[in-house]
Amino acid sequence: MINPGNFVPQITADGSFTFFSQEFGEHFHSHYGARQESFLKFAAPTQLSLKAKKQVVNLLDVCYGLGYNTAAALETIWSVNPNCHVELIGLEINASVAESAIKHHLFDTWNSEYQDILQQLAFTQQVQTNRLTAKLLIGDARNLIERVQNSGFLADAIFLDPFSPPQCPQLWTLEFIRQVALCLHSDGLLATYSCAAAVRTALIVAGLTIASTPPVGRRTPGTIAAWESKQNTNLCNLSNLFLPLSQPEQEHLLTRAAVPYRDPQLKDSPEIIINRRTQEQKASCLEPTSHWRKRWLIKN
Ligand SMILES: C[S@@+](CC[C@H](N)C(=O)[O-])C[C@H]1O[C@@H](n2cnc3c(N)ncnc32)[C@H](O)[C@@H]1O
């Protein structure tokens with residue numbers, strides 16, 4: 001059952017507000033800072049300040065939520081190049097999240113242009129201005145992603161921001177991530193806060209190359225991904241600007257934690273997806289993750 005929108009604002013350490021989802025049993029952002037997370041985990045790693053030098057930048061915001069990632073992206077781009085035209089597509093299953101954020105005035109400290117954009121997106125699901133064409137598609141991202149692909153939209157930056165894999169495995173599966181990757185431009189960058197081995201494996205199996213983004217607030221890093229191709233300038237960017245996977249991170253990908261979530265028809269329930277993975281882990285010849293943890297003195 002989708003939460004009808006009784007979201008109560010909760011303050012985070014940087015003074016911005018987030019919500020708690022009863023349905024998923026998780027906050028929408030880390031308690032270190034909702035606003036900070038959007039800038040440091042998504043807008044900065046996808047190099048929007050550099051991409052802003054282009055005339056047009058395409059953004060795909062997977063799990064739009066309250067709209068922080070979109071707002072941070074627009075502010076980052078327009079502070080560098082006010083004339084950059086942004087084409088944005090947001091995917092979100094629950095329209096009342098963004099509506100509640102507006103009703104609770106969570107963006108009142110932002111410049112009025114961003115407030116207007118987020119308000120229109122929340123209540124009419126589209127915005128057209130002289131420098132923005134934005135659509136918020138409401139529904140299960142597993143279905144919506146096909147529409148995005150069929151439209152030929154190729155993103156310069158993708159923000160992949162579902163709830164955590166144990167709570168929302170359906171948006172971290174091999175099959176879903178493969179579809180998301182197909183919406184990434186050959187020079188584009190995909191950012192996520194997750195460093196889960198199963199997520200990283202799915203990105204790699206989808207054909208992307210990955211690196212770590214610096215930890216923000218929490219102790220674990222995030223992940224940045226790009227297409228692996230000779231022409232792709234992101235490849236040098238990834239190794240120069242981001243952290244190559246450390247030895248423990250590389251070895252993590254050889255443990256049972258790296259068995260990816262699967263959802264062959266993109267329609268299974270979280271329980272089925274988790275059970276399928278648990279069975280696959282039990283039958284796996286990969287090293288138990290507990291051995292890896294012990295070897296590298298990594299706490300749970
Ligand atoms: C961690 S929050 C995202 C926070 C958001 N990026 C922001 O900046 O505020 C995860 C979001 O995923 C949405 N969601 C959960 N399942 C989904 C699905 N199957 N398809 C699309 N969105 C989904 C939730 O409603 C929630 O808004």
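In what follows, Ala, Val, Leu, Ile, Met, Phe, Trp, Tyr, Cys and Pro count as nonpolar, Asp, Glu, Lys and Arg count as charged, and the others, Gly among them, count as polar. By that division, the shell of residues around the ligand holds twelve nonpolar, six polar and three charged residues. The structure is a predicted model, and its chain contains twelve helices and twelve strands.

**Overall form**

- The radius of gyration of the chain is 19 Å, which agrees with the value near 19 Å that a compact globule of 300 residues would have.
- Taken along the principal axes, the box filled by the C-alpha atoms of the chain is roughly 55 × 45 × 40 Å.
- Of the 300 residues in the chain, 44% are buried.
- When contacts between residues at least 6 apart in sequence are considered, 70% of them join residues at least 24 apart.

**Surroundings of the ligand**

- The ligand is surrounded by 21 residues, of which Cys63, Gly65, Leu66, Tyr68 and Ala141 are the closest.
- Helix H3 (68-80) and strand E6 (85-92) are the elements that contribute two or more residues to this shell.

**Helix H7**

- Helix H7, which spans residues 174-181, has Phe176, Ile177, Val180 and Ala181 as buried residues.
- Because the buried residues of H7 fall within an arc of 140° when seen down the helix axis, they line one face of the helix.
- The partners against which the buried residues of H7 pack are the strands E5 (56-62), E9 (155-160), E10 (184-192) and E11 (208-213), together with the helices H6 (141-150) and H8 (197-205).

How values were computed:
Residues numbered from 1 in each chain as written. Predicted model: local features only at pLDDT ≥ 70, side-chain atom pairs only at ≥ 80, totals over all residues. Buried ≥ 20, exposed ≤ 12 C-beta atoms within 10 Å, placed from the backbone. Helix = DSSP H or I, 4+ residues; strand = E, 2+ residues; numbered from the N terminus. Arc of directions from axis to C-beta. Contact = placed C-beta atoms within 7 Å. Near = placed C-beta within 6 Å. Rg over C-alpha atoms; globule rule 2.2 N^0.38 Å.
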